[in-house]
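Dear colleague,

Please find the structure below, together with its sequence.

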Amino acid sequence: MSLEKMLATYEFEQWLYAEAKFLDDIDFDSWFSLLHPAISYQMPVRVNKEGMERPDYSLDMFAFDDDIELLKIRVDRLKTDYAWAEIPPSRTRRSVNNVRLLEYVPNDKAVVNSYLTLYRSRSTDIHHDLISGERHDEFTFADGEWKLSKRRFIVDQTTLNTRNLAIFV
Amino acid sequence: MIKTNINLEDMSQKEAIEYLSESVQPEIGAIPAYLLGDPMVYDIEHKKVFLKTWLFIGHESEIPNKNDFITRDVAGYSVIVSRGADGEIRALYNMCTHRGMKLCRADAGNKSSFTCPYHGFNFKNNGDCVGVPLQKDIYGEEFDKSGLGLHKVRIESYKGLMFGTWNDEAESLEDFLGDFKWYIDIFAGRAEMEVIGAPQRFVIHSNWKIGADNFVGDSYHTMVTHGSIVKLGMVPSATYSKKGYQIHTSKGHGLNLGTPNPDFAFPEELKEEYKSNLTNEQYDVLANLKNMIGNIFPNLSFLISHTKVKGQLISNTSVRLWRPVGADKMEVITWLLVEKNASDDWKRRSRESFVLTFSPSGIFEQDDTEVFTDITAAASGTMPLVKQLTYNYTMGLHRTPVEDFIGPGVVFDDKFTEANQRNFYRYWLDLMTT
């Protein structure tokens, strides 16, 4: 691996850790500022297929299928007094690992895959939800910063074991 | 007289059923909390409701081609629903008749036959057993496979909606739906409809009846639970949800009809198709429809929702199954339906609004599931039974139905009443105590 690619991998690891921290800290405005205006934010529905038939996710149904405007609606909604699903907010812990830099053009674009394990605890409930999956992220360099311009989250469950996705993945 | 020191666990099933008929009083709006958490009630429900009535399986458009199949759950049992080479739809119990192994583990696919992973018995998608490995050698020349066909499940469709039942004595699906078909026509039969993509699935720690209750008649909650939507300007006002009609028919079915609507909620270019599929009266309802929220007994809810997304009005039509997986747990399965002849842009925007509002990430959906979970937790265990905690379902008991509505059923002229919930629990109780 070239030194340049090592440094870039480190940079994107730090980017993803910072993102996880914003989300876990319920700092949605800071999180939102990491997004590129042309973002596509998708989470396809995972399905059970026969044998090794792929892809094993739906190409036309999603748990998230958002652009920047819809993500803004979600962030704004979470700030109203009526977003019961997150009152009080879930305690979440996002662990991001297996970060792999697949494509990298300095000061232009990058493709990064990573694994996400998301622990979620609600209220006094002693049960917890675990959401895990793989992120396929694309970054665009804009105004001197890397912005997330595409995320496709491939979740590991066909039936989600969480009461809702009032949280981001 | 209501007994004291009640404990369903110490009662026989017969005594528990007697206690149900004493303590559940839909006509006076008294529904006890223990119905939502007690394991004995759940067991009786499985036998008396879910093994007796018609249950939703899926939409015919999910298996459009010959040999397409889906696997679905009917009252806790996996069923293969397959379109045969002859075009006919059949439902087969997903269990090998030789030793009981589950035959098919995929959600959907295209196959003309299924091979058991245990000993390799092979079954055509009409259920016939067509292959037994080493048959002549180990079973002899005279072996007759004809008795080994897969168990058939009764299946019937109405307007593309497929229902199955384990009850061979059940009335026909159309008789079960009765007058409610008039309204089903509007959401499922107004045009040629198709399901987009795979259904969404998620699990909630909630009793299934809370979902059915919410959709069958509870428009009252939208003011508060969904207050955030008003704040975002997606619907006009907090009392938006009051205007319209609440309607129920026999067998516990019911809906809330939001009307009038100054805008046409559906693709304009399909007006002729709608008119050809609906009566004039039904088309009149469609043309003024703002939203439609209802439940086909026991656990299939449906929804037409018309909201403003990114400054543009758009509607989405969905059905959702509240599939019980325990007294305090259900799997929610949702399907998006669109007009097959709508434009690609309309379909895309309809899906976008569905995902934004009523998928697991949906900004309506997620606040409901939070409420459902907490209600279930508060209703669980022995205390709600011993202390005889009872919910108040008296809203609108003083009102009389209107006589001049153009559709069938018992109709109230705004949506804020609990007549539909009382009707739901009445039929539920009738089945439970039969």
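**Helix packing in chain B**

In this predicted model, helix H2 (residues 39–50) of chain B packs against helix H14 (residues 419–432) of chain B at an angle of about 95°, and their axes lie 8 Å apart. Helices (H or I, at least four residues) and strands (E, at least two) are DSSP runs, numbered from the N terminus. Axes are lines fitted to C-alpha atoms, for helices over the stretch in contact, and angles run from 0 to 180 degrees between N-to-C directions. H2(B) and H14(B) are therefore roughly perpendicular to each other, a term that covers 65 to 115 degrees (under 35 is roughly parallel, over 145 roughly antiparallel, the rest oblique).

From H2(B), Ile44(B), Glu45(B), Lys48(B) and Val49(B) meet Trp428(B), Leu431(B) and Met432(B) of H14(B). Contact requires that the C-beta atoms of two residues, placed from the backbone, lie within 7 Å. By class, this contact of H2(B) with H14(B) holds five nonpolar, no polar and two charged residues. Here Ala, Val, Leu, Ile, Met, Phe, Trp, Tyr, Cys and Pro count as nonpolar, Asp, Glu, Lys and Arg as charged, and the others, Gly among them, as polar.

**The two chains**

In chain B, 35 residues are in contact with 32 residues of chain A. Strand E12 (193–204) of chain B is one of the elements that give two or more residues to this side, and E12(B) gives the most, with eight residues. The residues on the side of chain B that touches chain A divide into 13 nonpolar, twelve polar and ten charged.

**Chain B as a whole**

Chain B has 14 helices and 20 strands. The C-alpha trace of chain B spans about 75 × 65 × 35 Å along its principal axes. Among contacts in chain B between residues at least 6 apart in sequence, 65% join residues at least 24 apart.

**A residue of chain A**

Leu102(A) lies in strand E3 (residues 91–105) of chain A. Leu102(A) counts as exposed, with 11 C-beta neighbours inside 10 Å (exposed means 12 or fewer other C-beta atoms within 10 Å, buried 20 or more, partly exposed in between, with C-beta atoms placed from the backbone). Not counting residues up to four places away in sequence, Leu102(A) touches Val111(A), Val112(A) and Asn113(A).

**Conventions**

Residues are numbered from 1 along each chain as its sequence is written, and chains are lettered from A and ligands numbered from 1 in the order in which they are written. As this is a predicted model, local features need pLDDT of at least 70 and side-chain atom pairs count only at pLDDT 80 or more, while totals for chains, interfaces and linings use all residues.

With kind regards
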